[in-house]
Each structure stands twice: as C-alpha cells, then as structure tokens.
Amino acid sequence: MVVRPFWRYSLRTVALAYLAVLLIGPVVFIFIKTFEHGFETAWSYVTTPAAVSAFWLSVLIAAIAVPLNTIFGVGTAIVLIRSKARGRRLLDALIDIPFVVSPVIAGLALVLVYGINGWFGSWFADHGIQIIYAPAGMIIATVFVSLPFCVREVAPVLMEVGTEQEQAATTLGASSWQTFWRVTLPSIRQGVAYGVVLTTARALGEIGAVAVVSSNVLGSTVSLPLLVKYRTTTPGPGGITAAYATGTELAVMSLIVLLAMTLLSPQRKDAR
Amino acid sequence: MLYLSVFVLIPVAAVIDKAFSTGLGDFWTSVSNSISRTALENTLVISLIVAVISAVMGTIVAWVLIRDEFPGKRLLNAIIDLPFALPTIVASLALLGLYGTGSPVGVNLALTKTIIGVALLFVTLPFVVRSVQPVLLEIDTEVEEAASSLGAANSVTFRRVVLPALRPAIVSGTALSFARCMGEYGSIVLLATKVPIASLIIYNDVESGTTQSAAGLSVALLVITLAILFGLRTWGSIRGR
C-alpha cells in the first residue's frame, strides 16, 4: 500500500499527538511538580519514616511475589506446552482469571477466605497468624494479580523452541532434571526474564487488590502506591508535593523496569 | 494446580458463595439498587467507549511505528510500554494534576467521566499496539502492492487486505483492554470521586463492612465482563472465517 505523504504525515501527527497528550505530558508533569521546590524538599518527602517503611514494604512484597510466580510460571508453562496431562486446557483457561477479575474483587475474595470471618480465617487466627490487614495479605493479593504474566511470556517461547534438543539430551542419557537445567532453561531464558520484569512492574505498582487487604496504617501496611493515594487524599505538611515526590520515586523505579523491558524486547517474538 | 487453588480459585469461589449467601433476593437487591445500577452502567459505557478508541488509536500508533520512518521512533516505541511499568496510581495523580482543577494547560476535566476515560486510555494503550505490531510486521507487503497495482484504491486495499489480516490481533488486544477497564481501580481512584464506578463502589462496600453487597456487585461485574468478552470472541471468529 503506497500511502501518499499527506496521509503518512497526518497519521504520524495523530499518533504523536495522542502519545504526547496521554503519555509524555502526564509523566513530565509529575517530574516538574516534584522538583518545583528543589531537590532537597523532594528528597525530604521520600525519606520520612513512613515513606522509607513504604519503600521497604513494596520491595518485600515484590521480593516474595515475583520468585513465587516465576517458579509457578515456568512450571505451569512446561505442563501446558510439554505434557499431555488431562485438564491442561482447563488450566490454560483458569490461568487468565486474574486478567479478567478486578483487583478490587481479588482483594475482597482474599478477605472472604483469609479474613477473621472468612473460610480459613478462624484457623489462621487460632494459630496466631494474621493475613488480612497485614503484609502477608498484601503479598497474597500481589501474587493473585501478577500470576499470569510469567506463564504467558514463557509458554510461547517454549512452544517455539521445540523439543528436539531436549530429546537429544535425553537420548544421550541426561536425567530430566539435568535436561531442564542444562537445555530447557537456557533456551527459554529470554522469555523468563521478560516475564519476571512484567511481574515485578505489576508487583511494585499494584494498588487495587492491596488496598482492600491493607489496614492503611502508615508505617506498617502502606506500600508506596498506597502512600501516594494517602498523601493525595489526606494531604500532610508537604501537601500534594509529598504525593508527587512519592509518585516520582515510583516512576523512577518503573523507568528502571521499563529499561529492562526495552533491553529484553528485541529478541521477543510474541508481544502480548 | 494447588498453587492456583490457594491463590485464585478458592478466593473467587468465596466471592460467588458470599454473593448468594443470604439468598437470591439479597443478591438482587445488592445489584439492582440505584447506586449499583448507575455504577455498572457507567463502568460498562465508559469501558466500551474506551475499548473502541483504544482499538482505533492503537492500530494507528502501531502502523506509524512499523511503516513510518522518523527520528526518535525507537524511543517512542520504548515508551509504549510505560503504562505497563508505571504504577497506575502515579498515572492517576499525574492526570489529576495536569487535566484537573488548576490545570497548567487550561483543561479542567476534574470530576467528569471524560477524565476517567483518559485514565483508562492511558492504562490500556499498550494492549492493542503490542498485539497489532508483530502482525503488521509479518504481513507481506507484496499482497498490498499487488492490490494497488491492480488498481485498488488505498481505502479498498486497507479494507480488503490489511484489516482482515489485523482483525484477530485487534480483537484480542481490544478484549484485554476492555477487561482491564471494567475492573480498573488504581488509575481512576483519585479521579472518580463523583462518578460511581463499580470497582470503587466495591472497595467502599468492603471498607464499610458490607461484604455481601460488595460480593453481589462483584459477581454482576464479572458476569457482564465475561458476557461481552464471549460476544467479542464469537464475533471475531465469525468475521474471521
């Protein structure tokens, strides 16, 4: 299709304008607002005790949820692609539930199961374990919402790699464990890495599911995204600037994630 | 399977159980009262509009990124993923500041449905772009050239050759966008303070302890979302034949 220059420039302008209004404008705005009163002021807002504790809580959530979902993701992808087990197609469909279920509903679901009056809540309470309104609940909520990413990145790669090399390894006498570590894993490395990046991004930024199971007490169960919400809706001494500062902190973390995405993306064939 | 059960299946079953725990009557009350009805209606209408705009604009952006050449294209291609990486609450805060009360660009959309739509367009931007891009890259331009050299106008070539090839990718990207819109919370929590939106009503219900009505609304929201996704998939496969 030979597109005349007029149309090409029009489409380019439309696309660029759309991206400028929607993406670039808001992000630049956040940065400008944060440093309006100088770097020192912004820095002071991200180093208050509440902000530091929120930062570490976010890191903790990601540090537990991401490895769990990565192991599950690789394992499930192998079952989905390599095995002929019954119920495979059902499993395939069920994996996507977190993409369809609202994060808020996920949070509610966890309250109903693990809360004090929930299905298993009394058992946990009897054993002195608090899940809802505690970091444990926030971790489970994050696992829920970020569960499909790794499976969905690894499965297509696994399909594409094929089984020839694995069969060769087995023929040469490798155990299935050796085959996995020496042959399968290295060949799907790119997919796994991209899945980890997507899971991390979601884990750091999740608010809906986490908000429901958090007690919203500063310093204990407020993660960085919740702190942004808190500082916007109940402005403290720093007012809205404090919220912008935390927003920028999160944005910087996400830019690092985005950089990782970009570096990993040229090799990926499937873009979901 | 156990992992999936502990984290996903049992909790979702608990929501459905809770919604009907006190009988069908209470379930109906929880979804048919005026707030729930308005919230579901707003959520559905806004999500449908956003899904359509996202499909059209996503396809245009994907086309420009694949077929057009201009300086800075690679950078632009990289920032398409930004909404996946940027926490949604940050997007919410930025849009509130930029297009809300006291906007530096003179656009005050605070408390309107439009600003909710803008937030949803932000978070759903990558879905269509990223599903259309690889397909557009693989389409053989020879078929398009053949159509053109046989005298087909650009509009005909687009409708008869390009669009049918892209349709499955556009439909699946749009389906993901739509599902995301229906349940979205983070990017609109600071914006939808006056307009009832299902996910925010559910959140408020949980906070105030009325979990039965929250569960009822959740089930209704899920059923509507699944029905539309099913319809979209059926339509896609019929047209695809």
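B:S172 counts as partly exposed because it has 18 C-beta neighbours inside 10 Å; a residue is buried with 20 or more other C-beta atoms within 10 Å of its own, exposed with 12 or fewer, and partly exposed in between, the C-beta atoms being placed from the backbone. B:S172 lies in helix α9 (residues 154-183) of chain B. Its C-alpha is 7.5 Å from that of B:S131, although 41 residues separate B:S172 and B:S131 in sequence.

This is a predicted model, in which local features need pLDDT of at least 70 and side-chain atom pairs count only at pLDDT 80 or more, while totals for chains, interfaces and linings use all residues. Residues are numbered from 1 along each chain as its sequence is written, and chains are lettered from A and ligands numbered from 1 in the order in which they are written.

**Chain B as a whole**

Chain B contains eleven helices and zero strands; helices (H or I, at least four residues) and strands (E, at least two) are DSSP runs, numbered from the N terminus. The C-alpha trace of chain B spans about 70 × 50 × 35 Å along its principal axes. Of the 241 residues in chain B, 47% are buried. Two residues are in contact if their C-beta atoms, placed from the backbone, lie within 7 Å. Among contacts in chain B between residues at least 6 apart in sequence, 79% join residues at least 24 apart.

The table gives the packing of two pairs of helices. Axes are lines fitted to C-alpha atoms over the stretch in contact, and angles run from 0 to 180 degrees between N-to-C directions.

| Helix pair | Angle | Distance between axes |
|---|---|---|
| α8 (residues 135-161) and α10 (residues 176-205) of chain A | about 160° | 8 Å |
| α1 (residues 5-34) and α13 (residues 240-264) of chain A | about 125° | 8 Å |

α1(A) is therefore oblique to α13(A), whereas α8(A) and α10(A) are roughly antiparallel to each other. Angles under 35 degrees count as roughly parallel, over 145 as roughly antiparallel, 65 to 115 as roughly perpendicular and the rest as oblique.

The residues of α8(A) that meet α10(A) include A:T142, A:F149 and A:V161, and their counterparts in α10(A) include A:S187, A:Y194 and A:A203. By class, this contact of α8(A) with α10(A) has 13 nonpolar, seven polar and two charged residues. Ala, Val, Leu, Ile, Met, Phe, Trp, Tyr, Cys and Pro count as nonpolar, Asp, Glu, Lys and Arg as charged, and the others, Gly among them, as polar.

In the other pair, A:V27, A:I30, A:F31, A:K33 and A:T34 of α1(A) meet residues of α13(A), among them A:Y244 and A:A251. The contact of α1(A) with α13(A) has six nonpolar, four polar and one charged residues.

**Domains of chain A**

Chain A is divided into domain 1 (1-34) and domain 2 (48-267), with bounds that come from an automatic or database domain assignment. Taken over C-alpha atoms, the centres of domain 1 and domain 2 of chain A are 32 Å apart. Their contact takes five residues from domain 1 of chain A and six residues from domain 2 of chain A.

**Contact between the chains**

The contact takes 65 residues from chain A and 70 residues from chain B. On the side of chain B that touches chain A, helix α1 (residues 2-19) of chain B gives the most, with eleven residues. That side of chain B divides into 52 nonpolar, 13 polar and five charged residues.
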